[in-house]
Amino acid sequence: MKKIGIISDTHGLLRPEILEILKDCDCIIHAGDVNKPEILDTLRMMGSIYVVRGNNDKDWAEGIAKTLHFTIEGVKFFMTHNKKDVDWDLKDTQVVIFGHTHKYFEKMIDNRLWLNPGSCGPRRFDQEITMAVMTVDNGTYQWEKIAMIPGKEK
């Protein structure tokens with residue numbers, strides 16, 4: 001069994017509360033818009049990391065893939081920063097992870113989880129600061145949304 005921290009859109013900011021959660025994770029998934037290589041250096045020291053390049057990840061990130069297929073504990077993932085870049089031939093992918101919108105999103109579509117962990121970097125407008133934590137074990141998974149700073153009440 002593995003615990004995975006899922007983050008996106010850090011835009012150069014690793015909040016202490018996020019680091020506190022990630023230190024208990026076996027691996028970290030970052031869905032792009034890292035903005036600074038130092039962010040990845042910090043995350044790599046914490047364990048395994050899967051990362052894709054976001055639209056704000058410039059020259060320093062040219063070696064980072066825009067899309068990624070990977071498997072953790074028998075669970076098959078596909079990840080990209082912008083949902084419009086999803087590989088539509090997802091075959092047996094169980095979880096699709098994306099970022100870009102800064103808004104948390106989770107929905108089961110065709111027995112596949114589509115998950116955007118939202119943004120845990122600088123706050124934009126009145127949006128909440130979010131990430132997700134997933135537990136994977138022998139081909140099965142469970143996840144939870146974690147909100148650091150709630151959005152403004154409507």
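**Rings, strands and a buried histidine**

Visitor: Is Trp143 buried, exposed or partly exposed?
Guide: This is a predicted model, and in it Trp143 has a relative accessibility of 28%. Buried would need a value under 20% and exposed one over 50%. Since 28% falls in between, Trp143 counts as partly exposed.

Visitor: What about Phe70 and Phe77: which kind of pair are they?
Guide: Both of these residues, Phe70 and Phe77, are buried. Their ring centres lie 5.0 Å apart. The planes are at 10°, which is under 30 degrees, so the pair is stacked.

Visitor: Which residue in β10 is the bridge partner of Ala132?
Guide: Strand β9 covers residues 129-137 and β10 covers residues 140-149. They run antiparallel, joined by nine bridges, and form a hairpin with two residues between them. Within β10, the partner of Ala132 is Lys145.

Visitor: Which side chain makes a polar contact with the side chain of His81?
Guide: Look in the loop between β5 and β6, where His81 lies. His81 has a relative accessible area of 3%, so it is buried. At 3.3 Å, its side chain makes a polar contact with that of His100.

Methods:
Residues are numbered from 1 along each chain as its sequence is written. This is a predicted model: local features need pLDDT of at least 70, side-chain atom pairs count only at pLDDT 80 or more; totals for chains, interfaces and linings use all residues. Side-chain values use heavy atoms; hydrogens and water are left out. Two strands pair if DSSP finds at least two bridges between them. Helices (H or I, at least four residues) and strands (E, at least two) are DSSP runs, numbered from the N terminus. Buried means under 20% relative accessible area, exposed over 50%, partly exposed in between (1.4 Å probe, protein chains only). A polar contact is a pair of N or O atoms within 3.5 Å; within protein, one must be able to donate a hydrogen and the other to accept it, and residues adjacent in sequence count only if both atoms are side-chain atoms. Rings of Phe, Tyr and Trp (its six-membered ring) pair if their centres lie within 6.5 Å; planes under 30 degrees apart count as stacked, over 60 as edge-to-face and the rest as tilted.
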